[in-house]
Every structure is written in C-alpha cells, then in structure tokens.
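Below is a walk through one protein model, starting at a single residue and ending with the whole chain.

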Amino acid sequence: MKIDKKILKRAFSNLCTAKALTDLYEENFKTVSKYVHATSRGHEVIQIAVGMQLLPQDYVFPYYRDDSILLSIGMQPKDLMLQVLAKKDDPFSGGRTYYSHPSVKDADKPKVPHQSSATGMQAIPATGVALGMHYREGGDLFKDDEKYAFFKDMGHEEDLINGKSPVVVCSLGDASVTEGEVAEAFQMAVLKKLPILYVVQDNGWDISANEAETRAQSAAEYAKGFKGLEAISIDGTDFEESYQTVQDAIKTIRDERRPMLIHAKVPLLNHHTSGVRMEFYRDDLEEARTRDPYPKMKKLLSENDFSEDEIEAIEALARVKVKEHFDEALKAEDPKPEDLFTNDFAPTPITEEKGERSPEGAEKVVMVDCALFGIEELMKKHKECLLYGQDVGGRLGGVFREAATLAQKFGDNRVFNTPIQEAFIIGSTVGMSAVGLKPIVEVQFADYIWPGLNQLFTEVSRSCYLSNGKWPVSMVLRVPIGAYGSGGPYHSSSVESVVSNIRGIKIAYPSNGADLKGLMKAAYYDPNPVVIFEHKGLYWSKVPGTKGATSVEPSEDYVLPFGKAWVLQEIWKQEDKETLSIITYGMGVHWAMNASEELGMQDQIEVVDLRTLHPLDEETIMKSVKKCGKCLVVTEEPSDNTFARALSGKIQEECFKYLDAPVMTIGSENMPAIPLNSTLEQSMIPSTEKVKKKIEVMLDY
C-alpha cells in the first residue's frame, strides 16, 4: 500500500523536529542537563507511526524516551522544552517531573494519564484503561449514548470521532518486558480480551546491560506464552512497514476488541539519559548508526517524488522552530515556592457529616455488613461503581463474606474475581479512573499488599500531584487487617505505618460499622485514592470486648468526612484528679474503652478515635491532650518506628508545656512476625490488660 504524500510529509516533519530537539539538547548540554532527560533518537519512526494514527478518544501511555510520540499527537517542541527545563508552565506537570513524562487531557488529543519513570509499570495502568473500556462496552449496563459520554466532560463535542471505538496504546522498552508487572498486564489483557496495543521498542539495551545478558527471548517470543496475544516483529526504522503494521493493528483492535503486540527493532542513537552517556559503555555505536531511521526516511521521501529542496525546507523549518521554541522556553518563568503546595489532592465534595447515623427503627448490624450494605447502595445508584479482587466473585463473595451476594445482584461484569495479582488489582485503578469509573478493589489480607505497593506508590498516589491536578485517581482499596484468631505470620500483620508513609492517598481505619459505612461513602465520592483498613477481629465482634463495633446501620445518605476524629469518651478538665488522653484507632479503641471501664476511670480517661490516619484531625488530638495533661497512643503495630510513634512525637512537640508526663506509646512487641500459636500471639499483641497496666503507669507518673 502506497502511503499518501501528506502523511509522509507530516511524518518527516515530526522526525526532523525530534532530531532537532536531540541536536539542540546536545549543543546546549550544560543548560539542558541540569535536569535528566532522554530522547527518542533512533526510535523516532515507530513512535511517529503510532502517534500519528491515534484519535482524541484513544489513550496512550508513552515511556520516558517517547518524545516523538508526543510530537506526533500534536504537542509542540516548546511544551517538551518547558518540561525539560522544569518551568512553571510545563503543560504536563508544572515543573514537577522529568522530560517526556507527559499527562495530557486536551480535547483534541489522545489522552495521556500520568505514569512514573519505573520501567514497565505503565503496563498495568494502561491495561486498566482497556479493562475500563471492556466494562463500559460489556452487556447492557451502559446504553450506547452513555458508554463514552464522559469524553464530553473532557471537552469533546462528540463522544467518539467517526464512531470509532477507542483503543489503548502502551509503549514499552524491550528491557522492561522482563518485569513481573508486565506479565500481570499481559495476562489480564488476554484473559478479558482487552482493546490494547503494546508497542515494544527493542534497542537491545537496558542501561549498560545488553539483551544477551538479561533476556532469554525477545518481547514477541515472550508474548507467545500468553494465549490470545498476537505478536508481530518489525523493523522499527522502516516507516512504511511501521505505519502499515500499526494501522492494521489499530483497525483490528478497534473492530475486534482484542490485544496485540508490536515488537519493533530500533537502534539507540543517543545516550540512555543525559546522565548516562553512551560513550561510557557502548561498543556497538558504529553498527547502530547503520540503522539510523533518518537517512532511510529521507530516501523514502525521494522515492515518493519529494525534491531535495522540499526535503531541505522541511529540515530547516524544524530546526528554526525548535530553536525559536527553545529561546522562548529559556525565558519562561520558574515555579514559585508556593507552587509546591498545590494539587496533592483534588477537592472532595464531602466535608461535613450528613445523613442519619442511627435511624429510628434500624437494626444493629455487624461491621462487615455495614460495609457490604454501603457498597450495595452505591452499586445500585452508580453504574460506574464496580468491585474486583481475589475471591470476591459469586462463588464465595470474599473470604470474609465482605462481598457476599453482590455478584448475584449486580452480575459478573461488575463484581468479579481477578488472578492473584495484587499489583494489577491496585494499579489498574489508575486506568479505570481515567475512563470515568470508580473501582472498589480489595487486597485479601494486609500481608498481601506488598506486591501492590509499587503501583500504589509510583502510579496511584502521585498521579494527581505529578499531573498538576489533571489525573487524580478515584479509587477505594479495601484492606482487611490485624491479628485475629491465630492467623499466624501471613494473615495478621498491621501495615498502616508503611502505607501512611505514601503521600497522596487518604487512609481510614474505623473502629465500628457506622464509621465504616460513612467513610466508605465518603471514599466513594472522593476523587482521590483511598485505602480503608478494616480490622478482621471487628468484622463480626466475636473477639471479647468488641461489641461496640456493631452499630445501628446508618441511612443510605450517611457520609462521614475524612479528617474528623471522634471523642468517643469525653471528660471535663479536672484539677483534683490525674487525667489521661488516649489517642487510638481500630482495635485500639476497644482496648482503651474496655480498660477505662474495668479500671472505673471513665471520668479520668478521654478516648479519641482517629477514624482516619490521613488526613489526621490534629486539632481534636491536641485539644484533648492539652486538656488532660497526659497522653497514651495505642496501636496494634509493633511500637517502634511506626505511625503511632511519629504521632507521639508530634504531640510531644506541640503540647510539651501542657504535659505532666512524657507522651507514651503501647503497641505490639517488636518482633518480625506474629506467631501462629495463640499463646505467643497474645504475648505479641496489645490487650485490654496491657493497656490497663500502661494507664496505671501513666496516671502514677
């Protein structure tokens, strides 16, 4: 098939612009290299073939070498330069992230959600977009005029241009395909038959390690292990082959809604990054230059009736444009110090407690059912709400029955099991959110969250901030947590300190069912990522002393805002008695309440239930401590190096002149794991008795 001259001219113009960028960066290395960058030199042709064929309703996840894709979807050289120079008007991130780390939500361009530098990590969020499209297109849940109506919120005049179904493109380097998270993405793509094209650019190198050292097969050969993932190998420096292959693949995916992979061999003709120079380690540069796509593209134009003058004019125009844009970018304003503090979170509409917390005539229900009923209400009201994770589907409804009956009521398209892929479960919410959905996902036990932390940290939590507010990730992650019933070392851990160190997420840790339901509703309507820790020992109030976790079920419209602690047991300031403020959350609330009751000191002990760990209601905490004069922080985590210990330090710092004793902390013993044996388990974790003894020590201080 002969390619139209207009396409060739546009493609060559993009190629010349990309090459001019690389040349200018090298010529101005001292100016530009203040911040690290990588360029597409050698990779341009396959990138241009992809970028030129995408529509505004498509989604593309470039990686850090893909400036030619960005130019081809309509970004200007100045846009990229504002980012390489980390300027205030960098349209992607406001000067917050590296060159060629885009986030684009323009009506006239393909959508580019935020992604990190972590190689291969974009495969899961990208596949999450395709999973979201699959959900919107499946069954009769969404009417035809609803499936892609969310594009109008992005400024589109129509849902879809020419009625063409959207596709997702995920760009990867061949070295990144060895990442386990890429395998998780491939697995889900073929399992669900998702509309995604993986474009793998293979230059034969990681950084200094080459393919012979690190890869047993190419990406195309690897892809053959995933049944249903059609893989094609091409010469990524040949524009005709690249353009035609991409065109055919995109058409197939638009029509047949199934995944494909293009493996494109390319040379790397510039440095890995500006900080890792190619001459440091490369011994194949002469061979690589023989495969330079630039002279091959010029030859193709000559063969298609472009004169030498026309070719030179395109080259000259690109160089002039790049130089002009660079001069403008250099003069652009840097961010101001106050710009640091914007867009860490998108504004939430839930700022006040509303609705009936204890409706007249309502029954008391256990904590696990409060969450279940809350999610059922949300799913009835919002088609965008769906639930997935391990074993939450119809056969079981969750190992704690926390999703019981939901699949039967709402269908297997809305409530479904995933493979054992914590990274995919968490990271796919980035893509789901980017197509207007609100996923509620679950990690089966807190101990299993570790494989998903990479996605939670690098992709989910930073998306709003590093996209300068364009792509907040709206998701809810449920995490059953805590020691209960001899769960042993792999089903009992408390992990809130690790998760609370991830900025950009909100964290709830309720102590009772009413709070759980109210916070679940607030989390759903919050446009930011939320983690809800749900203590397994409180689910059914089977642990002695936890009946307080059962609640009258709040009304459907009940919402409880984040960052509002509850003074569960309030006392008056007293001069003739020692008083103590206990700051706690989750199971600690019940230990504290039981201890104060058994000691008969309800008039001396104030108990503050944090409810949420971020945002933290510091005003309520400090007011209580200043009034009481003594403070005990109670946690289930091992007490050293934890959220609770940090909170104790903050309280000590702010309330020092009001204190009659050091702020103290009680938590589990500082051992590597919770043993299976029940005697050892009880020796490990706090209890009402242990809290009582600590209270007595503090009041006697």
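**From one residue to the whole chain**

In this predicted model, Met 81 lies in helix H5, which spans residues 77–84. Its relative accessibility is 0%, and because buried means under 20%, Met 81 counts as buried.

What does Met 81 touch, not counting residues up to four places away in sequence? The partners are Leu 21, Leu 24, Tyr 25, Val 322, His 325, Phe 326 and Ala 329. For one of these, Leu 21, the spacing can be given: Leu 21 and Met 81 are 60 residues apart along the chain, and their C-alpha atoms are separated by 8.8 Å.

Contacts across the chain can also be put in numbers for the protein as a whole. Of the contacts between residues at least 6 apart in sequence, 82% join residues at least 24 apart. Burial has a corresponding total: 61% of the 701 residues count as buried.

The secondary structure of the protein consists of 25 helices and 19 strands. The radius of gyration is 28 Å, close to the 27 Å that the globule rule gives for 701 residues, so the protein is as compact as a globular protein of that length. Along the principal axes, the C-alpha atoms fill a box of roughly 95 × 55 × 50 Å.

The surface and the charges remain. The accessible surface comes to about 27500 Å², and carbon and sulfur atoms account for 50% of that area. The protein carries 80 positive and 106 negative charges, and the mean positions of the two sets are 2 Å apart.

Definitions and conventions:
Residues numbered from 1 in each chain as written. Predicted model: local features only at pLDDT ≥ 70, side-chain atom pairs only at ≥ 80, totals over all residues. Heavy atoms only, no water. Helix = DSSP H or I, 4+ residues; strand = E, 2+ residues; numbered from the N terminus. Rg over C-alpha atoms; globule rule 2.2 N^0.38 Å. Buried < 20%, exposed > 50% of the residue type's maximum accessible area, 1.4 Å probe, protein only. Contact = heavy atoms within 4.5 Å. Areas by Shrake-Rupley, 256 points an atom, 1.4 Å probe, with all protein chains shown as cover. Lys, Arg positive; Asp, Glu negative; His and termini not counted. Charge placed at Lys NZ, Arg CZ, Asp CG, Glu CD.
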